[in-house]
Amino acid sequence: MNAALREAEFGNLAPASRELHQLWRWLPGRDVKVLAALTLARIGDTAQAKTMVQQLEKSDPLNTVLKLYWLPTLKAAIELNGGNSGQALVFLEAAAPYELGAPPPTIAGTLYPVYLRGKTQLMAHNGNAAQTSSRSFSTTVALP
């Protein structure tokens, strides 16, 4: 699933979609569904991404990480794909207090709200805010 998401982020939509649809039905866990919904949003399949987000909301309404980190991030990715940068930023604001944590699935999940915020600011033609998001990201993951 990480490979499908990576392909989506690089703009390789056909391979991302192919990998996604080969895997997600075989691996039905919540973390896989989170990554599948994110990949769907990033490849432009917003209808299916919204359906998965609704399923995730209903399946585990008391899961703090899902509710406060992943659902706002997924909703922001959907809005970003739809060109609605303002609403995407509203969703990402909800995840801001938790975005520096390491939520599962940690391979693709760490700092995803920060990444999407930078992309959203660029879409809104706000380069200074995107640069600030980038600085926040780089200081957080600075290596010794």
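**Notebook: helix α3 and its surroundings**

I started with α3: its 14 residues reach 20 Å from first C-alpha to last, close to the 20 Å expected at 1.5 Å a residue. The expected span is 1.5 Å times one less than the number of residues. Helices here are DSSP runs of H or I with at least four residues, strands are E runs of at least two, and both are numbered from the N terminus.

I noted the ground rules next. This is a predicted model, in which local features need pLDDT of at least 70 and side-chain atom pairs count only at pLDDT 80 or more, while totals for chains, interfaces and linings use all residues. Residues are numbered from 1 along each chain as its sequence is written, and side-chain values use heavy atoms, with hydrogens and water left out.

**Overall**

I counted nine helices and zero strands in the protein. I looked up burial for the 144 residues, and 38% count as buried. Buried means under 20% relative accessible area, exposed means over 50%, and partly exposed is in between (1.4 Å probe, protein chains only). The accessible surface comes to about 7,700 Å², of which 57% belongs to carbon and sulfur atoms. Those areas come from the Shrake-Rupley method with a 1.4 Å probe; for residues, only the protein chains shown count as cover. I also checked contacts (heavy atoms within 4.5 Å). Of those between residues at least 6 apart in sequence, 57% join residues at least 24 apart.

**Along α3**

I found α3 mostly covered, with eleven of its 14 residues buried. Among them are Val32, Leu35, Leu38 and Ile43. Gly44 follows the helix, and its phi is positive, near 100°.

I looked at Lys33, which lies in α3 (residues 30–43). Lys33 is partly exposed, at 35% relative accessible area. Beyond neighbours within four places in sequence, Lys33 is in contact with Pro28, Met52 and Leu56. Its C-alpha is 8.7 Å from that of Val53, 20 residues apart along the chain.

I then turned to Arg42, also in helix α3. Is Arg42 buried or exposed? Arg42 is buried, with a relative accessible area of 14%. Its side chain makes a polar contact with the side chain of Glu9 at 2.8 Å. A polar contact is a pair of N or O atoms within 3.5 Å; within protein, one must be able to donate a hydrogen and the other to accept it, and residues adjacent in sequence count only if both atoms are side-chain atoms. Leaving out residues up to four places away in sequence, Arg42 touches several others, including Leu5, Ala77, Tyr115 and Lys119.

**Core**

I looked up the largest nonpolar core, which has 32 residues; Leu20, Leu38 and Leu74 have the most contacts inside it. Such a core is a set of buried Ala, Val, Leu, Ile, Met, Phe, Trp, Tyr and Cys residues joined through side-chain atoms within 4.5 Å. Setting aside neighbours within four places in sequence, Leu38 is in contact with Leu5, Trp70, Leu74, Ala77 and Tyr112.

**Aromatic pairs**

I searched the whole structure and found two aromatic pairs. Tyr69 and Trp70 are edge-to-face, at 5.0 Å centre to centre with 80° between the planes. Tyr112 and Tyr115 are also edge-to-face, at 5.4 Å and 70°. Rings of Phe, Tyr and Trp (its six-membered ring) pair if their centres lie within 6.5 Å; planes under 30 degrees apart count as stacked, over 60 as edge-to-face and the rest as tilted. Tyr112 is buried at 7% relative accessible area, whereas Tyr115 is partly exposed at 32%.
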